[in-house]
Structure formats: structure tokens, C-alpha cells
Amino acid sequence: MTGRICAGVALVAICASACASSHAGAQPPGQAVPMGRAYSSDRLRQALLTDLPGFSRVGEPDSGEYGSLKAIENFNRLQQQVTLDKPQCSNRSKSFAASAEARSAPAAIATFAKAGGETATETLMAISNETAARQVALRVADNCRTFRAEVGGQWSDHQVVEGSRNRIGAGSRAVGVETTSGGTRVKTWYVVLRSHGYLATVTLYGPNVTQDEADQAAHAAYAMAEHTLR
């Protein structure tokens, strides 16, 4: 797969969360994080998965303020290179990603890979329960369930689906995206879940990934975080 196709595929993570509406299926906001429950980035790093069945960890986890993590900086640079055929679909979640709370939130991220080009990424982020509840309550807008994206002159087609409601933690949502570029087709499934004082996102990417795999990884991430952060 060429770098341009990879860049187009990486857009999946951008639009799967961006092409959403906070009105449909909203959950009641959570309570504010109790004093003393705000986790440091080092603490979140300790709560990341250390292994994932079938995968090998890629490098060492990164931690710090969310906006300063290398993966997020790369994400933001990529976002500037992307053009959508439905520009309105790229703006729905930018307000959160660009907010002071998100940029300065303690966070940690780990990446895993296995043969066949499949990758898994886990991100933990310490934000208020109210903000986390709003992120879990996001839903994909009907007019953003299909879109086209252009990176470096190459177009890709994307189809977004809401996953089944398998509740994890205090609330969760799953989103799947199928991306086609030329003769290459890949899938991304990600699960966003919340618990007391943190938001977790587990993303699986590859030609054959499924929601079941993403749910299993998310359950594992939740169990590890709850055990470490309790």
C-alpha cells in the first residue's frame, strides 16, 4: 500500500469521529470528576495494555498532554492535507479536539501490530465525566455516512456504520469505516468508552478487522485501566 493510500486510510479515524451529531442518542451527562481522581499522564501510561493477544507492541507508549503526543501531532498535520467532498463532515468534532481541555488533558497512547497489516491503538485521556459522556453520545450524521476524501491528488471512498450497542464501562460507542482506494479495501473499527475520570479509545485497522475484535480489545483495555486506576 502506498504512502498516499495509507494517508487516505488514516482519514478514517478523523472522519469516524468527526462525522457525528451530539443530538441523537445522547446519554445523560456524567458527574464532574471528584477531587483527586484526575489522573496524570504517567498514571495513564501505567494503565495502558502491555500486551494484546495476537499483536506485538510497536515501540514504547507515549504520554503527556494530549495535544503534544507525537501521534496526535501527526494526526493534526495529516488533517491539514485532507479534502472532503462533504466539508461539513470534517468540522463536527474539531471543536473538542481543539479545545483547551482536550489539548492539555493528560493522555497516553500505545500501538500494536500483527502480520497481515493489522494495527491496534489504545489511547487513554483524563477528562471530566461530563465531557467524556458527550463524546460517547456522539452519533454519525446520516449525510456523513458516506464521503470521499482526497490526499495528495488521490481520492478514496469511505462508508461509515454505527456499531451495535455493546456497553463497556460507564458507556461506549463503536464505529466502523470501510475505505476503498483504487483496488485496495481496508476497514477500521474503533470503540470509545468512558469510566470515572477518563476516556479510552481503541482503534483496529486492517483488511479484515471486525467489531467483535474491537470490542474484545476495548474490554481488555477497560479491565486493565480499571485495575490500575482504582
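Modeller: Let us begin with the words for exposure: a residue is buried when its relative accessible area is under 20%, exposed when it is over 50%, and partly exposed in between, with a 1.4 Å probe and protein chains only. This is a predicted model, in which local features need pLDDT of at least 70 and side-chain atom pairs count only at pLDDT 80 or more, while totals for chains, interfaces and linings use all residues. Residues are numbered from 1 along each chain as its sequence is written, and side-chain values use heavy atoms, with hydrogens and water left out.

Colleague: How many residues does the protein chain have, and what percentage of them is buried?

Modeller: The protein chain has 230 residues, and 47% of them are buried.

Colleague: How should I read a salt bridge, and how many does the structure hold?

Modeller: A salt bridge is a side-chain nitrogen of Lys or Arg within 4 Å of a carboxyl oxygen of Asp or Glu. The structure holds 8 of them, including one between Glu130 and Arg134, whose closest N and O atoms are 3.5 Å apart.

Colleague: Where do Glu130 and Arg134 lie, and how accessible is Glu130?

Modeller: Helices (H or I, at least four residues) and strands (E, at least two) are DSSP runs, numbered from the N terminus. Both residues lie in helix H6 (residues 129–137), 4 residues apart, which is about one turn of the helix. Glu130 counts as partly exposed at 39% relative accessibility, and Arg134 counts as partly exposed at 43%.

Colleague: Which class does Asp142 fall into, buried or exposed?

Modeller: Asp142 counts as exposed, at 67% relative accessibility; its side chain meets that of Arg145 in a salt bridge (3.4 Å, N to O), and Arg145 is partly exposed at 28%.

Colleague: What is the idea behind looking for empty space?

Modeller: Rolling a probe the size of a water molecule over the atoms shows where empty space is left. On a 1 Å grid over the protein atoms alone, a cavity is a set of points where a 1.4 Å probe fits but cannot get out, and its lining residues have an atom within 4 Å of a point.

Colleague: Which element gives the most to the lining of the largest cavity?

Modeller: Strand E10 gives the most, with 3 residues. Among the lining residues are Ser172, Arg173, Gln211 and Asp215.

Note on methods:
1 Å grid on protein atoms, 1.4 Å probe; cavity = no way out; pocket = protein on both sides within 12 Å on 5 of 7 lines; lining within 4 Å.
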